Amino acid sequence: MPSSLALGLAALPPGRTPDPIPPGCPWHELSAYGLPNVNWCEAPLCAYVNEPANAWSNLAYVLVALLIAAAQSDERSPLLRRFAAAVATVGLCSFAYHASNVHVTQILDFFGMYVFCYLLLLINLRRLRVVRAVAPVFWAAVLATTALTVGLVHAGFPIQAIVALLTLGIVASEVALYRRHRRARRGDGPGPGGYPLRWFLLSFALLNAGAVLSALDVSRRWCDPQSHVLQGHAAWHVLTALSLGAAYLHFRRFDTELCAA
């Protein structure tokens, strides 16, 4: 998961929103309900796919979701069986946002991110035995945070920070679980019965790299608006999709534990 520094950089939008979508262009009517609070580098087109690089790069999430679904043959935990669907939701919601580049679909994009963040957070909270009835808590948290996001964005709050806070919560819960395991093992290192973190750390590294590239994009330190193939925020999508795949390889180890919790 990303560091607070990288997420903090990524959460700071430039001091302007995207330009209004001209009349006659797709999504013009929907833009009457508002524009996003962040202006990514890619210059929008008068087309159904408003930001091609930022939109089509979300297919990386769909590909990772399909690979996860193909690997989920013997898992018993309902939480882990939702992993592929959650990853696909992130990609499809983000595609809708970058294809249209309007306020309404930006909220949908955050809904997709909340679906995944709360899935991971609740996996860890169940392992910590903090919650038991996961489904009602999950949907209540996702819908309440989405509603909160609508209010906060109208108040000028940088809503990207909400995802940063949820991610820090995932990291904190993982650290708590790791420490609990170390105490139970009396300091034994990874091995049989150990707690290897290689996939979690790979997920951390990929997400940090994506956050840095996204921050360079939004700050205009790396920016070619006319490129509809390579963009820093598009690279964020690809790297974070790989990060979510690595996260699955970490969390699938706890299938038996989640069923017993």
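Analyst: Numbering the bonded cysteines in sequence order, the pairing is 1-3, 2-4. This is a predicted model, in which local features need pLDDT of at least 70, side-chain atom pairs count only at pLDDT 80 or more, and totals for chains, interfaces and linings use all residues. Residues are numbered from 1 along each chain as its sequence is written, and side-chain values use heavy atoms, with hydrogens and water left out.

User: What makes the link of Cys-25 to Cys-46 a disulfide?

Analyst: A disulfide is a pair of cysteine sulfur atoms within 2.5 Å, and the sulfur atoms of Cys-25 and Cys-46 are 1.9 Å apart, so the pair qualifies. The torsion about their S-S bond is about -115°, and therefore this disulfide is left-handed.

User: Why is Cys-41 called buried, and what is Cys-223 called?

Analyst: Buried means under 20% relative accessible area, exposed over 50%, and partly exposed in between (1.4 Å probe, protein chains only). Cys-41 has 5% relative accessibility, so Cys-41 counts as buried, whereas Cys-223, at 28%, counts as partly exposed.

User: Why is Cys-46 called exposed?

Analyst: The relative accessible area of Cys-46 is 52%, which is over 50%, so Cys-46 is exposed.

User: How do you know that the length of helix H9 agrees with its number of residues?

Analyst: Helices (H or I, at least four residues) are DSSP runs, numbered from the N terminus, and the expected span is 1.5 Å times one less than the number of residues. The 25 residues of H9 (160–184) should therefore span 36 Å, and the end C-alpha atoms are 37 Å apart, which agrees.

Definitions and conventions:
Helix = DSSP H or I, 4+ residues; strand = E, 2+ residues; numbered from the N terminus.
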